[in-house]
Amino acid sequence: MLKVLALLISTIFASEVKFLPYMAEHENLGCPSNSHCSKKIGLIRHQWTGIAKSSSPNKIKKMRSFTSSYGALLPVWGRESSETNKDLILWDSSCKGHNNEKLESIKLIEVFTKNLNSLNKEKDLLVPNVIMTNRKSSRVRSVLRGDAPILIDGDDLIYIKESEGFYYGLRLKLNGSISIEEVPKVENYPSEVSCSDDITKELLKLTSVKHLYQGSYCKIIWNKKMKKYETLAFGWSCD
């Protein structure tokens with residue numbers, strides 16, 4: 001796959017600039033509509049979405065192989081400075097509070113990574129946190145932007161993700177590492193509950209960018225290993 005990608009990159013870079021069908025969506029192959037996205041990242045994403053759109057019966061296996069090389073495509077937040085980072089896919093946020101002329105603008109980011117926690121070291125990125133309200137240890141966790149786990153498995157958070165109409169499971173471990181798996185079977189679904197004022201205050205203090213969130217929302221999510229629901233508090237930016 002790496003040789004194919006290298007050949008594709010060199011071919012496109014060397015070719016004349018002309019209109020091609022994919023340019024109706026973005027000038028760079030593989031980049032999503034209306035995004036800031038470099039040729040390099042577009043080509044990597046093109047491989048990712050190509051797996052999702054393929055008729056292969058082994059998509060999960062191929063996604064795992066891809067992830068071992070490039071990581072999975074994960075959503076987080078970004079600072080204004082992220083606009084110059086060629087390793088990111090980004091959009092302007094639709095939240096009014098993120099586009100205040102007197103404050104630093106906030107961006108929607110997608111980034112390929114093998115470990116979510118490692119992104120906390122990147123100055124351009126803002127990785128969301130969740131509070132697992134019933135816990136004393138490992139109470140605060142890094143999580144994905146705009147999404148909540150469908151299940152918890154011990155300390156692992158399990159998401160259902162989608163790419164090009166293909167659904168797959170994504171397991172996020174306590175240390176931040178991720179793995180791709182089949183869509184989990186769910187018997188006890190999450191539901192939204194009220195957050196206490198204390199939890200909301202605690203959550204809002206976790207980010208240095210005070211206009212990232214306007215409030216919080218809470219969900220009870222089934223932990224299949226512990227056989228009980230846990231309450232998780234997430235940041236809320238806008239509808």
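Start with Asp156 and Lys173. Their side chains meet in a salt bridge, 3.2 Å from N to O. By salt bridge I mean a side-chain nitrogen of Lys or Arg within 4 Å of a carboxyl oxygen of Asp or Glu. Asp156 lies in strand β8, residues 156-163, and Lys173 lies in the loop between β9 and β10 (178-181), so the pair ties together parts that are 17 residues apart in sequence. Strands here are DSSP runs of E, at least two residues, and helices are runs of H or I, at least four residues, numbered from the N terminus.

A word on the source. This is a predicted model: local features need pLDDT of at least 70, side-chain atom pairs count only at pLDDT 80 or more, and totals for chains, interfaces and linings use all residues. Residues are numbered from 1 along each chain as its sequence is written, and side-chain values use heavy atoms, with hydrogens and water left out.

Back to that pair. Is Asp156 buried or exposed? Asp156 counts as buried, because its relative accessibility is 12%. Lys173, at 35%, counts as partly exposed. The cut-offs: buried is under 20% relative accessible area, exposed is over 50%, partly exposed is in between, with a 1.4 Å probe and protein chains only.

Next, Arg171 and Glu181. They form a salt bridge too, with the closest N and O atoms 2.9 Å apart. This pair links distant parts of the chain: Arg171 in strand β9 and Glu181 in strand β10, 10 residues apart. Arg171 is buried at 13%, and Glu181 is buried at 16%. Now put the pieces together. Salt bridges that share partners join Asp153, Asp156, Arg171, Lys173 and Glu181 into one network.

How many salt bridges are there in the whole structure? A search finds 13. One of them joins Arg135 and Glu230, 2.8 Å from N to O. Arg135 sits in the loop between β5 (129-132) and β6 (140-142), and Glu230 sits in strand β13, 95 residues away. Both Arg135 and Glu230 are buried.

On to the disulfides. The structure holds 3. The criterion is a pair of cysteine sulfur atoms within 2.5 Å. With the bonded cysteines numbered in sequence order, the pairing is 1-2, 3-6, 4-5.

Cys31 joins Cys37, S to S 2.1 Å. The torsion about that S-S bond is about -75 degrees, so this disulfide is left-handed. Cys31 is buried at 3%, and Cys37 is buried at 9%.

Cys95 and Cys238 have their sulfur atoms 2.0 Å apart. Cys95 is in the loop between β2 (89-92) and β3 (107-113), while Cys238 is in the segment after β13 (228-236), 143 residues away. Cys95 is buried at 5%. Cys238 is partly exposed at 24%.

Then Cys195 and Cys218, sulfurs 2.0 Å apart. This link is right-handed, with 120 degrees about the S-S bond. Cys195 is partly exposed at 21%, whereas Cys218 is buried at 2%.

Last, the surface. Ile160, Tyr167 and Val183 form a nonpolar patch with about 260 Å² of accessible area together. Patches are made of residues with over 30% relative accessible area and no salt bridge; like charges are joined within 9 Å, nonpolar side chains (Val, Leu, Ile, Met, Phe, Trp, Tyr) within 5 Å. Areas come from the Shrake-Rupley method with a 1.4 Å probe; for residues, only the protein chains shown count as cover. Tyr167 is in strand β9, residues 166-172. At 52%, Tyr167 counts as exposed.
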